Amino acid sequence: MKDMISLEEARALVCGAVAPTDVEEVGLLDAVGRVAASDLTSDIDVSPFAHSAMDGFALRAADIGTATEEAPVALRVIAEIGAGDVFAGVIGAGECVRIMTGACLPDDADAVVKYEIVAVVEGDGRTGSTVSFAAPTKVGSNIRPAGEEARAGEVIVAAGEVISAAGVGFLAGCGVLEVPVRRRPRVAVIATGSELVPPTEVPGPGKIRNSNSYAVAACASRAGAVPHILPIVEDTYEALRAAVDAASREYDFVVTTGGAANGDYDFIKPVVADLGELKMATVNMRPGKAQTFGLVNGTPVFGLPGNPAAAYVGFELIIRPALRIMQGYGFLDHPVVRARLTQNEKNRDPRRIFLRGTLTRAADGVFEVTPARNQSSGLFGPIQKTNCMAVLPDGTEPQPAGTMVDCILLDVPEEVCL
């Protein structure tokens, strides 16, 4: 195991250690945002019949082929068809049928003329009336053909597609009410630190509230997983060993925060090495150099730093892609845009640096990014108030204002193309 690996190596290592979860069937509404695990087919043609695209008059286009404003063609209205009704009669020469949007097209009709451009010559435009047409129409006008959206037996959603809200409607219309998807991975979240107390308590001397567990759980939930916040673990090897061993036997993925460095009370590395296989311990990035990963009882275990921003960045850049693989997603990277730095950035650290920043568009149309004033890895606040991470490349070269840098949009889904 290398002393320090690149972010790309860390991602490949963690993503290569996970596998898709088993398949379960869920109801349509529970399938929104999830990935179809197999091809889905329609049980009928959609629509199962040709129907009118608007309110108007169904007719044979040839019957008004000679119509002009000077010599309009008059037709007699012999019936009216509402949505859900079927006209079983025959449309003869000189006849038409008043039809509503979505109504089944009569067998003899091959066009629909919208109501607004038809003149009423006699009556009220309904059955028994006479209406006139001042222009010809084309065969197929204002008609939605049978099977326009899908044919019976046709694949309507392919395996690997993310199901959208519109997709739910599509599937419902095709008779698909249960959708096979990958089970959401269950993620155990364990905060370590004898100084921690639950958020429900007012911290006493030397104590702080456990905020990391809630942020990590929120990140896991946003990644599509099911988080479980486990009890705080004190800073002892025995306590952490017992907690990690138990969690690895019950959950699909275990994430700890704190104790990832090399201090006297940092135990996640020896615990993972003792219980299973330690695969990495440090990553060439800031914040978040101390990142532990390994397998315990065959379960991925990831030790994030205790500093809030370091934990957040590590989760989003390394753990999130792995959780998406487990659910069958094909896109693993948040969108990245190039933006112009609005201020000078001195790069005193050779590691790749991820600055919490705010992305805006300048008057000339170019994206600009302004790094947060406080880049402390111990703070959640700057992340809440910013909308991207500006990436300073490896090395110590200063990045003056005006330099174009990559900006990772953490709040934009991976599927979005910018």
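In the predicted model, helix α1 (residues 7-16) and helix α6 (residues 308-326) approach each other such that their axes come within 9 Å and cross at roughly 30°. Because angles under 35 degrees count as roughly parallel, this crossing makes α1 roughly parallel to α6. The handedness of the crossing between α1 and α6 is right-handed. On the side of α1, the contact is made by Leu7, Ala10, Arg11, Val14 and Cys15, and on the side of α6 by Leu317, Ile318, Pro321, Ala322 and Ile325.

Ser52 is located in strand β3, which spans residues 51-52, and Ser52 counts as buried because its relative accessibility is 0%. A polar atom of the Ser52 side chain lies 2.5 Å from the backbone oxygen of Met54. When neighbours within four places in sequence are left aside, the contacts of Ser52 are with Ile99, Met100, Thr101, Gly102, Ala103, Val112 and Asn142.

Thr292, in turn, belongs to strand β20, formed by residues 290-296. With a relative accessibility of 0%, Thr292 therefore counts as buried, the threshold for this class being under 20% relative accessible area. Not counting residues up to four places away in sequence, Thr292 touches Ala260, Ile268, Lys269, Val272, Leu278, Met280 and Ala281, together with Val301, Phe302 and Gly303.

Key:
Residues are numbered from 1 along each chain as its sequence is written. This is a predicted model: local features need pLDDT of at least 70, side-chain atom pairs count only at pLDDT 80 or more; totals for chains, interfaces and linings use all residues. Side-chain values use heavy atoms; hydrogens and water are left out. Axes are lines fitted to C-alpha atoms, for helices over the stretch in contact, and angles run from 0 to 180 degrees between N-to-C directions. Helices (H or I, at least four residues) and strands (E, at least two) are DSSP runs, numbered from the N terminus. Angles under 35 degrees count as roughly parallel, over 145 as roughly antiparallel, 65 to 115 as roughly perpendicular and the rest as oblique. A crossing is left-handed if the near helix is turned anticlockwise from the far one by less than a right angle, and right-handed if clockwise. Contact means heavy atoms within 4.5 Å. Buried means under 20% relative accessible area, exposed over 50%, partly exposed in between (1.4 Å probe, protein chains only). A polar contact is a pair of N or O atoms within 3.5 Å; within protein, one must be able to donate a hydrogen and the other to accept it, and residues adjacent in sequence count only if both atoms are side-chain atoms.
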